[in-house]
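Reader: I'm new to this one and would like a close look at a single part: the surroundings of the ligand. Could you walk me through that, and then through whatever lies along the chain from there?

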Amino acid sequence: MHQIDIELVEMTLDVMKYVINRITNLSPELGSPKKEEELKKLVGETITPEGIGSEKAFKLFRDVLVKATVPIDHPRHLAFVPAAPTRAAIMFDLVTSASSIHGAYWMEGAGGIFCENEAMKWLVSLTGMPEPAFGVFTSGGTAANLSAMVTAREHWRKNVANLNEKGLILTSIGAHSSIKTMAKVIDADVLLVDTEDLMTEAMLREKINELDVQQRKRLFAVVATGGTTNAGIIDDLDGIADLCHKEKLWFHVDAAYGGGALVADSARHLFKGIEKADSVTIDPHKWMFSPYDCGAIIYKNPELAKEAHSQEGSYLDIFKDEGAQGFNPADYQIQLTRRLRGMPLWFSLAMHGTDKYKWAVERGIELAHMAGNLIARLPHVELVRAPSLSCVLFKRKGWSPNEYKEWTFKNHRKGFALVTPTQWKSGSSYETVARFCFINPDTTEDDIKAILDTMA
Ligand SMILES: *Cc1c(COP(=O)(O)O)cnc(C)c1O
């Protein structure tokens with residue numbers, strides 16, 4: 001036993017030293033991938049009957065493997081949707097693991113679920129959804145969207161249409177890829193309104209009017225986007241909400257990325273109508289500074305989610321007992337055993353206060369405007385459209401799609417920045433453009449200037 005204790009102490013010190021170094025490093029090394037064979041050659045066998053020991057395993061991770069990863073919080077990582085978890089949230093993520101709490105049922109997880117629910121109340125308040133709206137934390141936006149679709153279809157089949165046919169969902173081509181993929185999971189069809197710009201009530205109405213009688217019967221939900229992943233565009237939520245109400249359709253708002261902007265006074269008005277949604281997805285691991293993974297799904301009427309998701313089994317009956325009464329997160333989304341992934345958000349919110357979140361999100365929006373102004377002034381680049389939320393789409397004059405790719409790889413290989421191209425649909429054709437997405441409040445105007453310089 002004595003031997004093991006010493007190893008445990010040494011490992012704890014190694015881990016704490018690593019964590020402190022990592023979370024105080026504002027510009028961590030921007031790693032890049034290697035082929036699996038290469039990594040294997042560098043680290044050798046790690047899983048053996050005797051074990052290789054904590055010191056060796058930790059060294060391999062610290063000196064080799066982590067260098068083959070891209071830190072999502074690097075200030076010049078402006079690709080996809082990056083992230084910037086707060087130090088408080090990261091530290092409390094360690095505490096969450098160490099506490100070994102089962103997050104499915106109140107009976108086992110009460111104190112931890114209480115933390116999650118405090119954070120959730122704040123999220124719900126940002127949407128303005130009226131009582132009894134409430135939600136749960138999920139593994140991400142994909143799982144949140146799936147949980148909402150399952151709830152919507154169950155409600156439609158049982159209470160609205162009394163129909164057992166294949167469902168149909170309407171959204172736009174600006175919607176996130178997970179909408180189509182999760183529709184496959186529930187075997188529903190998806191029809192797309194042909195716009196990557198904001199979807200209006202009129203466009204949606206036209207699409208509904210085009211449906212044949214059978215399709216109209218199968219239509220059960222509309223997914224609007226509260227901040228498209230590609231361009232930060234917010235659909236006409238207010239108009240679409242009213243149309244959905246009139247047409248008796250489930251109104252889901254996917255604000256996985258954009259939901260963070262609900263806290264920003266400068267952007268809140270763009271989300272008008274979100275309070276009328278039947279369900280809303282927000283990813284705290286995107287623009288609410290939580291570590292991976294943490295998504296959230298909020299329901300206007302949580303009872304409908306419970307009808308769809310609550311699991312039954314003789315081994316689970318005990319959780320429904322008197323003494324275990326309380327909120328059971330397992331009842332409202334697709335996962336049973338779950339990590340209390342809302343706890344890091346709770347701790348960070350409690351420590352910093354919500355004003356700090358407001359500041360950090362406003363900073364992302366401000367960085368997008370700064371980038372927009374720089375791009376408008378520089379001769380070699382031009383804006384594709386005005387920045388929206390924290391996304392900026394722009395072009396390097398005269399570049400072919402290949403030149404964008406080479407530029408991305410070059411900056412990445414040098415360990416300088418990760419900025420990737422995307423496609424933007426204007427009219428009937430797609431074009432390759434460059435894209436910034438700002439999350440990290442520590443990104444500076446000089447970072448943006450330096451990246452634009454690499455395009456000159
Ligand atoms: C990122 C994103 C998703 C998917 O969320 P994950 O957390 O990656 O599963 C869904 N919708 C939108 C709008 C997104 O930006």
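Author: Start with the two helices that each supply at least two residues of the shell around the ligand: helix 6, residues 141-160, and helix 11, residues 284-287. Helix 6 gives the most, with three residues. Keep in mind that this is a predicted model.

Now for the shell itself. There are 13 residues around the ligand, and the ones that come nearest are Thr142, Thr229, Asp254, Asp283 and Lys286.

Next, zoom in on the oxygen atoms of the ligand. Thr142 has a polar side-chain atom 2.6 Å from one of the ligand's oxygen atoms. Gly141 takes part through its backbone, where an N or O atom sits 2.8 Å from an oxygen atom of the ligand. Then there's His285, with a polar side-chain atom 2.9 Å from a ligand oxygen. As for how covered the ligand is, on its own it would expose 380 Å², and the protein buries 86% of that.

From here you can follow the chain out of those helices. Asn162 isn't a glycine, yet its phi is positive, at about 55°. That's worth a glance, since most residues other than glycine have a negative phi, and most peptide bonds are trans.

Look in the loop between helix 11 and strand 7 (295-299), where Asp293 is found. The bond from Tyr292 to Asp293 is cis, with omega near -10°. Another cis bond joins Glu131 and Pro132, and its omega is about 5°. Pro132 belongs to the loop between helix 5 (106-127) and strand 1 (134-138).

Helix 13 (residues 343-352) and helix 14 (residues 354-377) pack with their axes 6 Å apart, at an angle of about 100°. Angles of 65 to 115 degrees count as roughly perpendicular, so helix 13 and helix 14 are roughly perpendicular to each other. On the helix 13 side, the contact is made by Leu345, Ser348, Leu349 and His352, while helix 14 brings Thr354, Lys356 and Tyr357. Three residues of that contact are nonpolar, three are polar and one is charged.

Methods:
Residues numbered from 1 in each chain as written. Predicted model: local features only at pLDDT ≥ 70, side-chain atom pairs only at ≥ 80, totals over all residues. Heavy atoms only, no water. Axes fitted to C-alpha atoms, helices over the stretch in contact; angles between N-to-C directions. Helix = DSSP H or I, 4+ residues; strand = E, 2+ residues; numbered from the N terminus. Parallel < 35°, antiparallel > 145°, perpendicular 65-115°, else oblique. Contact = heavy atoms within 4.5 Å. Nonpolar A, V, L, I, M, F, W, Y, C, P; charged D, E, K, R; others polar. Near = heavy atom within 4 Å. Polar contact = N/O pair within 3.5 Å; in protein donor to acceptor, adjacent residues only side chain to side chain. Areas by Shrake-Rupley, 256 points an atom, 1.4 Å probe, with all protein chains shown as cover.
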